Amino acid sequence: MAEELYASALVAGHQALTFLKESPTYPSAVAAALGTHAITQLYEPQPHEVLILSLLANAGLYKLLESSSGSHDSSASLLSLVFKINLLYTVTLFLSIAIYRRFFHRARHFPGPYWASLTKFWAFFTLYSGNYHRTTRALHQKYGDFVRVGPREIDVCNVHAIQALYSTSTKCTKGPFYEGSVMGSHERFLQNETPSEHLWKRRIWEAGFNTKALRGYEPRVMHFVDELIREVTERSKEGVVDLGLYLSFFTFDIMGDLGFGKSFEMLKHGKEHDYMTIVQGFAVFGGMISTIPWIATIFAFIPRNKAAEGLFTFAKERVRERLPLGQTVKDVFSYLLVEDRVTKKKYSEPDLVVESLMLSIGGSDTTSSSLATIIYMLIANPEKMAKLKAEIDPYHGPLNHQTLSQFAYLNAIVREALRILPPIGSGLMHRTTPPEGITIDGTYIPGNMNVGIGAYELQRDARYYGKPDEFIPERWLGEGPEPFDRNAFMTFSHGPYSCVGKHLAYMELCDVTAALVRAFDMKFAPSYDPSTYASSIKDSVISSRVKLPLLISPRKG
Ligand code: HEM
């Protein structure tokens, strides 16, 4: 069979060469471009394959021209001819792709921005601007529930799509969002694992976030809450405090402690650790290239740059220091050391390095930006702050999650902040539809399309939440405006790949909010324009760190 294929390929190659030799050069370039487009419809080549093929094709072309011109033409004029043929080939190929995507593609009936129908770079640049979530929301308001945000990408804003796309029973597969590695290598971590590998790894992670595990982490979390209050008290004596920065220090310190067994001590030193700077840089970059996954596959072949290498070296050292302590320390890492009860598989040391890195990325900026939003919303809505104080103040015991989970208004505030400004707000390309396509609320989406739901647009949709742009915690207590649809809450995603750290996040959000409100009177710094808060949040898949300049003083009454 293989020999037959090889023989057919040789015959086809020979015929193509004869055709090129006998036909005029420029029309051949046009024919080759159209042929390439037709082939890529059947088989999507990887970028490195395209590169290798085009180098080989150009070398062949040069040889062909050389042999057909004899000794008449110099190599400079041959090269110039090769260049012109390449240009014609490229222009034809791109035109052919553009015409196809615009007028013949199976996604052509879906409305959306013009450039998005032609190229994924529309999403890349929209994400670069930090406005992806706001842009897709505006597009849904203009076009409806299904918007074409890429050649074969559909952003969906409809509550029925959650089950259809994200649930355990969905026929959709993980989308290209999870392909490749931004770290410049082939490492796989929980989030971008294949479904079968994800299954056993996820079981290990889930054990690390069950109620018993969380109870074990709480004293460690409370240690950092106390440190946060102490540091903010000290800094506030000097004037304006950027609480956004200190909340970042806080969440990174905790993730260092729970993921690597050692805090970054940023709260203690009041200074940014290089680790945080690099991680935050990577998060932005990683977010952007997730819109064009073939860029990530190129990165997988390039050696890691200095910053990424530094990050890995740091993580490797921390993991090596942490490993000998085994399960004597009750952190998330200790759970990652346990073998899966079903498959008996275990994480290797290099896998632990990658997972610890991912833990610190996934659990830090998400939680700190949510905390900043909670405090911002409370200061911007003094009546809500007063209501929260009225709930917390009568209680004089130690703050812990068991107690705080009974504080209905506090929990409603946390939920409402996560609804109105979710730290992962955009849908991107989380899932790919099955070959037969999928129907959502009466709309058919063809097969092999990339689809996603953005939490921001869904949670600001007036069909699911009355007065969606207003901060109304009461809606979670059954006292807010209608409609109110709990099912449209997507902040932690949904289904088998949803946030595994959700309960730890809730614990941190409640613990810190209660501690800050109990300890301080807070107001916006006079130099700060609070109306810029929401627009200052840049969406790079995970929201960027926000500034929250405050005047803070110990509570008087
Ligand atoms: C407010 C805080 C948080 C938010 C809003 C959040 C949100 C999310 C979302 C939306 C996903 C799914 C992403 C996707 O579609 O692939 C996710 C996954 C994940 N999150 Fe969180 N997260 C938060 C905090 C945390 C914390 C504190 C941790 C760990 C300590 C964590 C660990 C993870 C992990 C490991 C995954 C991957 C799960 C998987 O693929 O099975 N997150 N998170």
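In this predicted model, D257 is buried, with a relative accessible area of 10%; buried here stands for under 20% relative accessible area, exposed for over 50%, and partly exposed for values in between (1.4 Å probe, protein chains only). The model is a prediction in which local features need pLDDT of at least 70 and side-chain atom pairs count only at pLDDT 80 or more, while totals for chains, interfaces and linings use all residues. Residues are numbered from 1 along each chain as its sequence is written, and side-chain values use heavy atoms, with hydrogens and water left out.

What does D257 meet in a salt bridge? The partner is the side chain of R220, at 2.8 Å from N to O; a salt bridge is a side-chain nitrogen of Lys or Arg within 4 Å of a carboxyl oxygen of Asp or Glu. This pair links distant parts of the chain, with R220 in helix 10 (residues 211-236) and D257 in helix 11 (residues 243-260), 37 residues apart. Helices (H or I, at least four residues) are DSSP runs numbered from the N terminus.

A second pair joins E349 and R320, whose side chains meet in a salt bridge of 3.2 Å, N to O. Here E349 belongs to helix 17 and R320 to helix 15 (residues 306-322), 29 residues apart. E349 counts as partly exposed at 32% relative accessibility, whereas R320 counts as exposed at 53%.

Then comes the salt bridge of E474 with K387, where the closest N and O atoms are 2.7 Å apart. E474 sits in the loop between helix 22 (455-459) and helix 23, and K387 in helix 19 (residues 382-392), 87 residues apart. E474 is buried at 8% relative accessibility, while K387 is partly exposed at 38%. Salt bridges also link R137, R460 and D469 in a network, and a search of the whole structure finds 22 salt bridges.

Now to the ligand. It is surrounded by 27 residues, the closest being Y178, Q191, H198, R202 and C499; a residue is near a molecule if one of its heavy atoms lies within 4 Å of it. Polar side-chain atoms of Y178 and H198 each lie 2.7 Å from an oxygen atom of the ligand, and one of Q191 lies 2.8 Å from a ligand oxygen atom.

The shell around the ligand divides into 14 nonpolar residues, 12 polar and one charged. Ala, Val, Leu, Ile, Met, Phe, Trp, Tyr, Cys and Pro count as nonpolar, Asp, Glu, Lys and Arg as charged, and the others, Gly among them, as polar. At least two shell residues come from each of helix 9 (195-207), helix 17 (349-362), helix 18 (365-380) and helix 23 (502-519).

Key:
A polar contact is a pair of N or O atoms within 3.5 Å; within protein, one must be able to donate a hydrogen and the other to accept it, and residues adjacent in sequence count only if both atoms are side-chain atoms.
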